[in-house]
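Trainee: I have a model open and some questions about its side chains. Can we go through them briskly?

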Amino acid sequence: MTDARAALVDIEQSDGRVAVRVLAAGSTTVAVVERVRGPKLHPHIPIGTRERQHLRMMLDDIPVHLDPGPGRYSRHSYRVVVEHEGHSYVYRPKTPDTSRLTRDGWRLGDFTITTKGELDADWHEEAAPEPVDVAIGYALGAAFGAGADFFLVSMLNLVDQADPGH
């Protein structure tokens, strides 16, 4: 796929692994998120888990700090934080279908899963994402999905599922 910022993005997903290659300005940046050490799998999470001890992220073969929230009942709990080369990236739900990527508090872009199941990025017009930003955003979107329901919607769904007559 070609990204809006003149970068060629290749996303490779397999069981427990997401690899994103970004070709831009004649160089390649690779971000990998993978599941390690056999966690309990959750089918609603593309990578299978949000447990930090069972996940590893690499950027160009260098380990980075990956800290996913538990993804429970609030949108805030679905955020994922990545620390890389002095920058803090936060990937968090913006709407039920979209997640936003920021770097050091500055908005980079929004990610949505299309009806065809593809990951689509909408880069902020004032953002100038570097290839590493693009790789991180696509890797997090492919590994953790995009969006989350509001707290009240989540609670109503939980109550509905607990209703034995349903």
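Trainee: Is Y138 buried or exposed?
Mentor: This is a predicted model. Y138 has a relative accessible area of 2%. Buried means under 20%, so Y138 counts as buried.

Trainee: How many aromatic pairs does a search of the whole structure find?
Mentor: Ring centres must lie within 6.5 Å to pair. The search covers the whole structure, and the count is 3.

Trainee: What is the geometry of the F111 and W123 pair?
Mentor: The ring centres are 5.5 Å apart.

Trainee: What kind of pair do F111 and Y138 form?
Mentor: Their ring centres are 5.4 Å apart. Their planes stand at 85°, and the cut-off is over 60. The pair is therefore edge-to-face.

Trainee: Which elements does the F111 and Y138 pair link?
Mentor: The two residues are 27 residues apart, in distant parts of the chain. F111 is in strand 10, and Y138 is in helix 1 (residues 131-144). The link is between strand 10 and helix 1.

Trainee: Which residue's side chain has a polar contact with that of D110?
Mentor: D110 is in strand 10. D110 is buried, at 7% relative accessible area. Its side chain makes a polar contact of 2.8 Å, and the partner is R100.

Conventions:
Residues are numbered from 1 along each chain as its sequence is written. This is a predicted model: local features need pLDDT of at least 70, side-chain atom pairs count only at pLDDT 80 or more; totals for chains, interfaces and linings use all residues. Side-chain values use heavy atoms; hydrogens and water are left out. Helices (H or I, at least four residues) and strands (E, at least two) are DSSP runs, numbered from the N terminus. Buried means under 20% relative accessible area, exposed over 50%, partly exposed in between (1.4 Å probe, protein chains only). A polar contact is a pair of N or O atoms within 3.5 Å; within protein, one must be able to donate a hydrogen and the other to accept it, and residues adjacent in sequence count only if both atoms are side-chain atoms. Rings of Phe, Tyr and Trp (its six-membered ring) pair if their centres lie within 6.5 Å; planes under 30 degrees apart count as stacked, over 60 as edge-to-face and the rest as tilted.
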